[in-house]
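Welcome! Please take a first look at the sequence and the structure below, and then read on for a short tour.

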Amino acid sequence: MVEFAGWDMPVQYNGVIEEHLAVRGRAGLFDVSHMGEVEVRGAGALDFCQKLTPNDLSRLKPGQAQYNLLLNERGGTVDDIVIYPLKADHVFICVNASNTDKDFDWIAKHGGANVKVENTSERYVQIALQGPLAEKILQRLTAARLEELKTFYFFFGAVGGIDSMVARTGYTGEDGFEIFCESSEGEKLWDALMDAGSEHGLQAAGLGARDTLRLERALPLYGHELDDVTTPLEAGLDWVVKFSKDSFLGREALLKQKQEGIRRRLVGLEMSDPGIARSHYPIFRTGERTGEVTSGTKSPTLGKAIAMAYVRAEHAAVGNSVEVEIRGRRAAARIVPLPFYRRQPVK
Amino acid sequence: MEFPEGLKYSKEHEWVLVEDKVAIIGITEFAEHELGDVVYVELPEVGEKVVKDDPFAAVESVKAVSDVFAPVSGTVLEINDTLPENPETINDDPYGDGWMIKVEMTDKDDLKDLMSAEEYAEYIEQQKEEDDDDDEEEKRKDEDEDEE
């Protein structure tokens, strides 16, 4: 167990690699109750969220959730979040554990008189069931027809008799679900899922595998690829930023950055020399410092050392050779397309 | 957890097997267990000098990198060159095929600072208790903060 944002979290159950491969090949179960929840209520709830965030909530259909961001006035990233509009007057937001208080303060500060913002993180547990067999396993516990639930859609229903919100979302690059329920029912939900998954080889998985899985799929981790001074345009999250919207917090700064040119970009690296690039290792291009690694590991799926890094925009082209300084030694690496891993479509 | 008799142990969780002036060095089962799956090992070259308490190698799991500290000073006579290809050997057999380097010691007095198997087992227990104490302290701090 390790401490993470005030939570005692399992890093691993049976070993990071074993858990990682179980999620890619079968299914894994993650207790991600540390994730924070912020709820916005009131007549103006959805409008307020639409003005606060860069993605376009007006495009969502009922029961559809959205990956989105909280940005500051400079276009820097306060957090990356998932927004679940429950009703026009009730929006449920899932935020990063380490940012829960910051996000709550941020949202509350910008909310006007006609919204009520509440930090309900203590109320819910969140369990992520991820992997190609996730649907099969969850279907044993719910009457809902899961094959009809598309990616990033959610519903309320019973899972193993427990009132839950089920979303087809995740942080692993596999198909899967994130299930929220009242904290008091969390253990029961975990046990029900583990039972339902026993004959499908469901593996309990920890923070270690969660990190290697999201890294292969190039999903950003706040504090690594994203922070208060990093904009979504630098982070390759252009698709989240809808300039077609008249206004959202951070729009002017991002527009200015776009016009003036992005100076650094998030890239994928694959090591050519032996060694593993780790967070904060410096990167050089023809002897000149060009950036820094944000996350790196040896990819359990690919068997190669991979990393994400920020480099100067003029050096960011795929195919470029760079060097990573690993404990005083320069090791060759090459810029490769992101993500490192993408699951094959089932159909 | 196993700490074979006949080996000497350091506080940084290396083991040493002494054969006259030669020390064979690796990391303990406790260390490999804490690290998790080892995926990369960086070793010194034959002929290099290692200095007691300085890092001489790096062992990496998927999640982190750890320095390995020399329990004795000396000159590297031989390295386990199967490790770069098969780093998981350190998890599978930390006291056998997972050995890391052989060193010709410059001063056998270095060995006096190392622990016996029994002492090391006690040391590990103490470390665990201290960790638990730290956790307790953290919790108390959190509670204090909550009250504020």
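## A sheet in chain B

In what order do the 3 strands of the open sheet of chain B lie? The order is β4-β6-β7, and the pairing is antiparallel. Strands here are DSSP runs of E with at least two residues, helices are runs of H or I with at least four residues, and both are numbered from the N terminus. Two strands count as paired if DSSP finds at least two bridges between them.

At the edges of this sheet lie β4 (38–42) and β7 (65–69) of chain B, each pairing on one side only. From one strand to the next, the twist averages 25°; the axes behind such angles are lines fitted to C-alpha atoms, for helices over the stretch in contact, and angles run from 0 to 180 degrees between N-to-C directions. Strand β4(B) is joined by 4 bridges to β6 (residues 55–61) of chain B, and the two run antiparallel. Among the residues involved, B:E42 has B:A58 in β6(B) as its bridge partner.

## How to read the model

This is a predicted model, in which local features need pLDDT of at least 70 and side-chain atom pairs count only at pLDDT 80 or more, while totals for chains, interfaces and linings use all residues. Residues are numbered from 1 along each chain as its sequence is written, and chains are lettered from A and ligands numbered from 1 in the order in which they are written.

The pLDDT is the predictor's confidence in each residue, from 0 to 100. Chain B has a mean pLDDT of 89, with 89% of its residues at 70 or more. Within chain B, confidence is highest in strand β8 (residues 74–79), at a mean of 98, and lowest in helix α3 (residues 117–147), at 70. Over residues 141–148 of chain B the pLDDT is below 50, and this stretch has 1 contact in the model beyond near neighbours in sequence. Two residues are in contact if their C-beta atoms, placed from the backbone, lie within 7 Å. For the complex, the predictor gives an ipTM of 0.72 and a pTM of 0.89.

Chain A has 7 helices and 19 strands. Its C-alpha atoms fill a box of roughly 60 × 50 × 40 Å along the principal axes.

Chain A also holds a closed barrel of 6 strands, running β14-β17-β16-β15-β18-β19 with antiparallel pairing. A:S295 stands opposite A:M308 in β17(A).

## An enclosed helix

Helix α1 (residues 16–25) of chain A has 7 of its 10 residues buried, so it is largely enclosed by the rest of the structure. A residue is buried if 20 or more other C-beta atoms lie within 10 Å of its own, exposed if 12 or fewer, and partly exposed in between, with C-beta atoms placed from the backbone. The buried residues of α1(A) include A:V16, A:I17 and A:H20. They pack against β3 (28–31), β9 (124–130), β13 (203–205) and α6 (207–216) of chain A.

## Where the chains meet

The contact takes 17 residues from chain A and 12 residues from chain B. On the side of chain A that touches chain B, α1, α6 and β16 (288–298) each supply at least two residues, and α6(A) gives the most, with 3 residues.
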